[in-house]
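Subject: Structure for your review

Dear colleague,

Please find the structure below, together with its sequence. My notes on what was found in it follow.

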Amino acid sequence: MELSINFLKQIALSVYDAIHPILGLKEASAKNQRGAGGDISMDIDLISENVVISSLEERNVDVLLISEEIGEKYIGDKQKAIKSQNILIVDPVDGSNNAVRGIPYCSVSIAFAKGKTVMDIEKAVVLDLISKDIYWATKEKGAYLNGRKIKVSDLDFSNKCFFELNLPKKNIFQHIEILKPIIQQFHRMRILGSSALTLCQIAKGSMEAFINLRESNRLVDVAAGLLILKEAGGLFFSLNGSEIDHKLSIDSKFPFVACNTNLANFLINELNAKY
Ligand SMILES: [Mg+2]
């Protein structure tokens, strides 16, 4: 059985109901346990993930769940899940640090794939855990914010472009030096703290690009956002400009660039020469 986009939206809304009331409160804050994705798991991450798991179990679906805290877990009948190649890739809370500290920028990210790689992602939902805005996309059928179809902006560097830059802490100043020609082209830089949501900002034309050089960037953070962005006419690629086709696995981590179509050539040329 395939998981419908409406079912994915329902899961995201159930997460909202559980998480929104505790954002910024003590109940949401840290636990000393490392999630399968590598970050420290917080109560809020575990609460959200449990909502996702119970929603799946209630529906009797057979699916491989790849999720930040639990890692990889078969829900329902393992053999049926393997045969169907149904995979759900979830970040229960993208922007946990924001959520715990009461900074209003965090989301739940849910992607459904049939197959083995990033290219096989077919459905995606990203829900803003503050505003309840719901971004969603179905492959080859466009991207939406709530009921409205969205698309990337048509701004270029002659306009006032906004971008997010996410750098590894190691050698950060070297990266900034290398990226100077790129940074200078943009009007404003933001570092917001939820990759899933920032990909949606580009998808809806509020920002123009996102350069994430962190090797530790996880598949679960971007699986849904990248489909929403692509379906809104945006581009998502590796630092040398090639298509990202990583395996659907809890261990998949990769840097990436996301942007509207106007900025792609410049960014690819600049980054390809230097990385
Ligand atoms: Mg998370």
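The axes of helix α7 (residues 195-203) and helix α8 (residues 219-231) come within 8 Å and cross at roughly 5°. Here, axes are lines fitted to C-alpha atoms, for helices over the stretch in contact, and angles run from 0 to 180 degrees between N-to-C directions. Helices (H or I, at least four residues) and strands (E, at least two) are DSSP runs, numbered from the N terminus. The two helices α7 and α8 are therefore roughly parallel to each other (angles under 35 degrees count as roughly parallel, over 145 as roughly antiparallel, 65 to 115 as roughly perpendicular and the rest as oblique).

Please note that this is a predicted model: local features need pLDDT of at least 70, side-chain atom pairs count only at pLDDT 80 or more, and totals for chains, interfaces and linings use all residues. Residues are numbered from 1 along each chain as its sequence is written.

Residues of α7, including Leu199 and Ile202, meet residues of α8, among them Val222 and Leu229. Two residues are in contact if their C-beta atoms, placed from the backbone, lie within 7 Å. The residues of this contact divide into 10 nonpolar, 2 polar and 1 charged (Ala, Val, Leu, Ile, Met, Phe, Trp, Tyr, Cys and Pro count as nonpolar, Asp, Glu, Lys and Arg as charged, and the others, Gly among them, as polar).

Turning to the strands, an open sheet of mixed pairing is formed by 8 strands in the order β4-β3-β5-β6-β7-β8-β9-β10; two strands pair if DSSP finds at least two bridges between them. Its edge strands, β4 (71-75) and β10 (148-150), each pair on one side only. From one strand to the next, the twist averages 20°. Strands β8 (residues 134-138) and β9 (residues 143-145) run antiparallel and are joined by 3 bridges, and Tyr135 stands opposite Leu145 in β9. Helix α2 (residues 43-58) lies across β3 (63-67), β4, β5 (86-94) and β6 (107-114), at about 150° to β5.

Asp128 lies in strand β7 (residues 121-128). Asp128 is buried, with 23 other C-beta atoms within 10 Å (20 or more count as buried, 12 or fewer as exposed, and anything in between as partly exposed, with C-beta atoms placed from the backbone). Leaving aside neighbours within four places in sequence, Asp128 is in contact with Ser107, Asp133 and Leu197.

Overall, the chain has 9 helices and 15 strands, and buried residues make up 44% of its 275 residues.

Yours sincerely
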